[in-house]
Amino acid sequence: MARSGRRRRDRMRWSNLYTFSCFRAQHGHAGDAGPSSDGAGAVGGPGFSRVVYCNNAALQKPLKYVTNYITTTKYNIITFFPKAIFEQFRRVANLYFLLTAILSLTPVCPFSAVSMIAPLAFVVGLSMMKEGLEDWRRFIQDMKVNNRKVSVHKGDGEFDYRHWKDLCVGDVVRVEKDQFFPADLLLLSSSYEDGICYVETMNLDGETNLKVKRSLEVTLPLEEDESFKDFQAVIRCEDPNPSLYTFTGNFEYERQVYALDPSQILLRDSKLRNTAFIYGVVIFTGHDSKVMQNSTESPSKRSRIEKKMDLIIYILFTVLVLISIISSVGFAVRIKFDLPNWWYLQPQKSNKLDDPSRPALSGIFHLITALILYGYLIPISLYVSIELVKVLQAHFINQDIHMFDEETGNTAQARTSNLNEELGQVHTILSDKTGTLTCNQMDFLKCSIAGVSYGVGSSEVELAAAKQMASGADDHDIPLQDIWEENNEDEIELVEGVTFSVGNNRKPSIKGFSFQDDRLRQGNWTKEPNSSTILLFFRILALCHTAIPEINEATGSIAYEAESPDEGAFLVAAREFGFEFFKRTQSSVFVREKHTSSEGTIEREFKILNLLEFNSKRKRMTVILQDEDGQILLFCKGADSIIFDRLAKNGRMYEVDTTRHLNEYGEAGLRTLALSYRVLDESEYSSWNAEFLKAKTSIGPDRELQLERVSELIERELILVGATAVEDKLQKGVPQCIDRLAQAGLKIWVLTGDKMETAINIGYACSLLRQGMKQICLSIPTGEQVAQDAKKVAKESLLSQIANGSQMVKLEKDPDAAFALVIDGKALAFALEDDMKHMFLNLAIECASVICCRVSPKQKALVTRLVKEGIGQTTLAVGDGANDVGMIQEADIGVGISGVEGMQAVMASDFSISQFRFLERLLVVHGHWCYKRIAQMICYFFYKNIAFGLTIFYFEAFAGFSGQSVYDDWFMLLFNVVLTSLPVISLGVFEQDVSSEICLQFPALYQQGPKNLFFDWYRILGWMGNGLYSSLAIFFLNLCIFYDQAIHAGGQTADMAAVGTAMFTCIIWAVNMQIALTMSHFTWIQHLFVWGSITTWYIFILAYGMTLRSRDNYQILLEVLGPAPIYWAATLLVTAACNIPYLIHISYQRSCKPLDHHVIQEIKYLKKDVEDQTMWKRERSKARQKTKIGFTARVDAKIKQIKGKLHKKGPSLTIHTVS
Amino acid sequence: MDSHAAGSSSGGSGDGAAQPRRNSRKPKYSKFTQQELPACKPILTPKWVISVFVLVGVIFVPIGIVSLRASQQVVEIVDRYDDACVPAGVTDKLAYIRNDSIPKACTRNLTITKDMKQPIFVYYQLDNFYQNHRRYVKSRNDVQLRDKSKASETDNCDPEAKTVDGKPIVPCGLIAWSLFNDTYNLIRNNETLSVDKKDISWKSDRDHKFGSHVFPMNFQKGPLQGGKILDSKIPLSEQEDLIVWMRTAALPTFRKLYGRIYVDLKENDTITVQLENNYNTYSFSGKKKLVLSTATWIGGKNDFLGLAYLTVGGICFFLAFAFTLLYLIKPRKMGDNSYLSWNRATLGR
């Protein structure tokens, strides 16, 4: 079979080659492989009851384990109604309205029942519709996952594709390379002979390095489809649980029992890498799988504004109760003392609602009436309007073309719409690194060989600094952003074309290789003075690795499967330099060399003798190999400090220069490694190898130590060759975005699972760190203390580190000094403890940037909580992997990057974007708008309902507190639902204080949100005062005008209907004029809604006047009020009187205390920005928060540095720029 | 897709065309979805502020003057008679008014203070009478008033819905029951001034709300007699006193039209009013007044409207002046960048 033939070719026993990781696994099992009782004691007991009959559906079925179908929806068709209704009435306000609706069916209610029930039904119905829609989306998302396909054994050695959801426990599946595992699997065999496979667990824990899993020895023969024909086995194991790193179980196969451990378990949602295929048995399906067990229901989040709104509602409710009590006391008093005299009410025939002999009882009944009557103080439509507005706002976010990612084809998604305005108040951003800031792709950018630096591709920082110096020289005020202006295509091309040629769509370039220097390309290096060293350098690149080449049969090109992306970049670089690694066998590495001999391309074979692979403790990797001449060479690459420590005396020739280059690279945000070699003579090697073999085969706990010790023996006396600089490629636009977010006054914390060095590098690359920044590194010294003692010591040391850091910050005199805090995961574990966390937080707040490395998902969530609760400001967490879920759920706002890695983060998030850089627009434009819109909208709502609701109360005082309303029921019904709702919705949806470009150009405007300028108590009370004033003006002016006199020449006086209608007309005019004054942005929609609302009122009263249901309002406009000039005069007077105070307020504010957006509006309005462009540019550059991080700050620092150099060295130095 | 979107997509990525499926998810560009609709963005410049205030002043002051003048042209004579029409010796006014056997005739003399042009409106004014009480307002049934066949619909009419023997009352309810029943007879120089009681109600009420075939039934037949007894031969649509009364007043003090006199009255004319003081306001110490008034286009005497207009207009002129001063004393150039918060912050330092 052709397919299996191809498969067999990459069979290789990795375990023989690997020294550390694989071998240890071998030890764990090779040692006591076979029948084992280890862990078997627990199996079968409580908590360990699961039985899996592999490949035997008949036996498996009766056990009824859940299917692999997953659902994350809240409702289904049956539960939707009861559950959604229950959800709705959990809101206090809705419950209140429900109560009033029920009471409206009793005679207590002052209105007709329909006028209470209809709005409630509308409000609840709309909210439920929204819920349903959101749940539907979730359902679609689930279906997408459920309908993924996987190859499943269906019997007789035949495999066929099946949907994920149809997968059952006990099925044998074959997963191909780069596919996700559909369920938790037991690894049976892989395309490698020794049954290992590589797994990427990004989605689970965010770690980017590949993990090695290996199958049991006994299942190794199951290597082909056919071999599963008669495969039968039983797995007894633990019950579903959320622990990702443990597994206990037994594997019964061919009458033997084998113990299972986590290294045989492949978890759902992790990905198969570097391995052609694996076979596995499904153990846990669907919601039983570990990753699903880990997922928690996303907490419902509410924005700060909404919480404050609730508080205001409670205040209003108190007012409501208060005036209701006043009203009912008044009623009781009236009933007791006056009613007996009011013969026209026939008091002797009273019922219990107004019984003069029992005033207290009547008063209590009246209290209910009053609570319903004055219910207009609490805007029932507020909730539904806000909900509607937020859905529309979310729609705008989803539709924003500027947040559409061409590559993934994803738009931004507001997944829950109730946090829109919170986006405008963010104070701290907590960001994941890999996949969020970086692409997890390395680019070979520069190298230093034999003390000479090669590679002219300048990093972005250097480029921008040079550019700025060339253009504006001393003028700091010219904003750097101009380089990035999106409308300026030419410039952006210039910048990107030079710095980021890789991944750039314009010219096809090599992934992983951005190196530009003709001195080394096309074989030119042979002409360099140190060509022999260069040759060695390239050979180290091509040989010192653990990658496997993969030849694309169609094109003949070679791709590399490397454990870490750095290695891949090295190999690509070596290939580009003419050293193409193309084949690996069990013992040899084959390289095609282009320029080393006169014959052109020749293939060379290097025998691999030993491979001491990389791990985080060793921080280096070594291969020992024998070339075709029989020479034994040792190549070692590793962190500079490690290599430099192990250099031979004669190997330090280039140390000084290389160190300088390393510093430069590091400062440019590049990841560096030093390369070295050593020539071994035969005897030295063989004696060492003997010792090494002994250590390797030794059994016992100190085997690892032994191996390390032996490795040390050979990894010394090295000769330095050079260093590499690899760029951990940032996602597009990340530095710019961070820069602008920093300018908008946002704090940025990076939380990453990576090791400290990587994190610091990235900190440099995205300008969170820079040279000259004072770094405070918190970590736990790794000592050999006894466990009990170690904890105490570690804690003390950390405490003193924090104290020192704080002291340092406190004593710093230089205002420009910036501090960066870098903390390690282990240290963080202590720092998050209750007694220390506030100290830690205080220090962190003082620092310009904070980077936490090696943090677990749980710690991410804890840090988020610490920041959220400690600072008391809005936090935003952004991440892309399943390991960020905790953080995303914990933060006030969770943003998921809908990149390539699974959907967990997105599923847990409130907003999803496809690129980190869209965060800027999401916050600075949409957040800013939404915040202002919602804030203004809520304020206006309170105003309008106070203005309206209080008039009802005043009227009561004139109607003997009897519960009579001066307005027709229909007016009241329509007031909130029709007559005033659309303008305020249009305010909430379309209002823009400044356009989106200005939001982006003036990041400082964003600070209006975090400072909460538009929803502080001053504003809220101001609006409430305005409402109170308006209600008084409307009521008493109308009262005096329509008091007792004839209202027109016909002599008739005004009755209650006429007064009510006139008053209501005034209210409609006043509140609609008020919103027109509030708006600063009128599109045709606002015009239509505002003026349309007023027109609707007249149309309504005309139409209503046609029906006899209207009772006293019958033909009121045509016959009674319309012909009466006094009615129109009253409308004009009251409208003006109501709005003059607000007009005074805004006129005064604008002239004496203008806010930033006022001034900018004026500049735009007067077109000053066009006339005086320097002023405009200068203001734009000033409109940023002073930051100590970000690209701009860094370029400034760089300029200072270059200028310093210029001064020293004189004018001879030319700035190295774009060539 | 429109041209703009196409342009931006080709600018963004070269391989856009290669993946039409993916790019189909790209939001379509429209001014609406991108929130770029053309908008007018009015700005409150000093010029605007001053013009708005001046404009309001310019409109309001003349309106104020005109309506104040109109109001002052109205001649109004008010005579309170509730106390005066109780004979001197009566101490228990309530018993007096309730005693049907005592004749309630009473004579009042009014002096016209100023020439009054016809039509002159005759009003009665009640005080402290809660026509707007919920119990009162509810107590009626519109269907019954309109439609002869629905006479038995007396919902809401309690406690004046049915007679003791269960017959429906038409018109039912407290409002109709308590119909005002004082009568006025105006005499000038021994010559009776005919009070025209036609068209004192709204035409729509007569035509549509009170049926021309609906006649009072069982009205005021109960043990308690409220107010006026209606002539059961006259259809409700012609019982204009009732129609006027049924339009409940908004406030406890109200005036209702009693009739019109189409005769000009001269200054110092003396009008003798022969009135029947039947209506009980004594139990709740409500005042009763007879009002003769002319009307202009703004209706009756209503100085308040004019004064309010003048006040608001005056305030606006004052504000216009104050803001002018403010702009002169503390001028701020429009769009002056030094007012931006970041500039102010540095100035303050």
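**Cavities, a helix and salt bridges**

Modeller: The search finds 10 cavities of 30 Å³ or more in the structure. Keep in mind that this is a predicted model. The largest cavity holds about 160 Å³ of space. Its lining takes in 16 residues, and those closest to the centre are F97(A), M116(A), G375(A), Y376(A) and I380(A).

Which helices of chain A each supply at least two residues of that lining? They are helix 6 (92–103), helix 7 (113–146), helix 11 (359–373) and helix 31 (969–979). Helix 31 of chain A gives the largest share, with four residues.

Now step back to chain A as a whole. It has 1219 residues, and 60% of them count as buried. Its secondary structure comes to 42 helices and 33 strands. Take the contacts in chain A with a separation of 6 or more: 74% of them join residues 24 or more positions apart. The accessible surface of chain A is about 46,500 Å². Carbon and sulfur atoms account for 57% of that surface.

Helix 17 covers residues 565–577, which makes 13 residues. From first C-alpha to last, helix 17 reaches 18 Å. That is close to the 18 Å expected at 1.5 Å a residue. Is helix 17 mostly covered or mostly open? Mostly covered: 11 of its 13 residues are buried. Among them are F570(A), L571(A), V572(A) and F577(A). An α-helix has 3.6 residues a turn, so residues three or four places apart point the same way.

Next, the salt bridges. Over all chains, the whole structure has 62 of them. One joins the side chains of K860(A) and D432(A), at 3.0 Å from N to O. What does this pair tie together? K860(A) lies in helix 27 (residues 857–871) of chain A, and D432(A) lies in strand 15 (residues 426–432) of chain A, so the bridge links parts that are 428 residues apart in sequence. Both K860(A) and D432(A) are buried.

D83(B) forms a salt bridge with R80(B), and the closest N and O atoms are 3.6 Å apart. D83(B) also forms a salt bridge with K93(B), where the closest N and O atoms are 2.9 Å apart. K93(B) sits in helix 4 (residues 93–98) of chain B, while D83(B) sits in the loop between strand 1 (76–80) and helix 4, so this pair ties together parts that are 10 residues apart in sequence. Are these residues buried or partly exposed? D83(B) is partly exposed, because its relative accessibility is 38%. R80(B) is partly exposed as well, at 36%. K93(B) counts as partly exposed at 29%.

D1055(A) and D1112(A) are linked in it with R140(B), D142(B), D205(B), K209(B) and R247(B).

Notes. Residues numbered from 1 in each chain as written. Chains lettered and ligands numbered in written order. Predicted model: local features only at pLDDT ≥ 70, side-chain atom pairs only at ≥ 80, totals over all residues. Heavy atoms only, no water. Salt bridge = Lys/Arg side-chain N within 4 Å of Asp/Glu carboxyl O. Buried < 20%, exposed > 50% of the residue type's maximum accessible area, 1.4 Å probe, protein only. Expected span 1.5 Å × (residues − 1). Contact = heavy atoms within 4.5 Å. Areas by Shrake-Rupley, 256 points an atom, 1.4 Å probe, with all protein chains shown as cover. 1 Å grid on protein atoms, 1.4 Å probe; cavity = no way out; pocket = protein on both sides within 12 Å on 5 of 7 lines; lining within 4 Å. Points joined across faces, edges and corners; volume = space filled by probe spheres on them.
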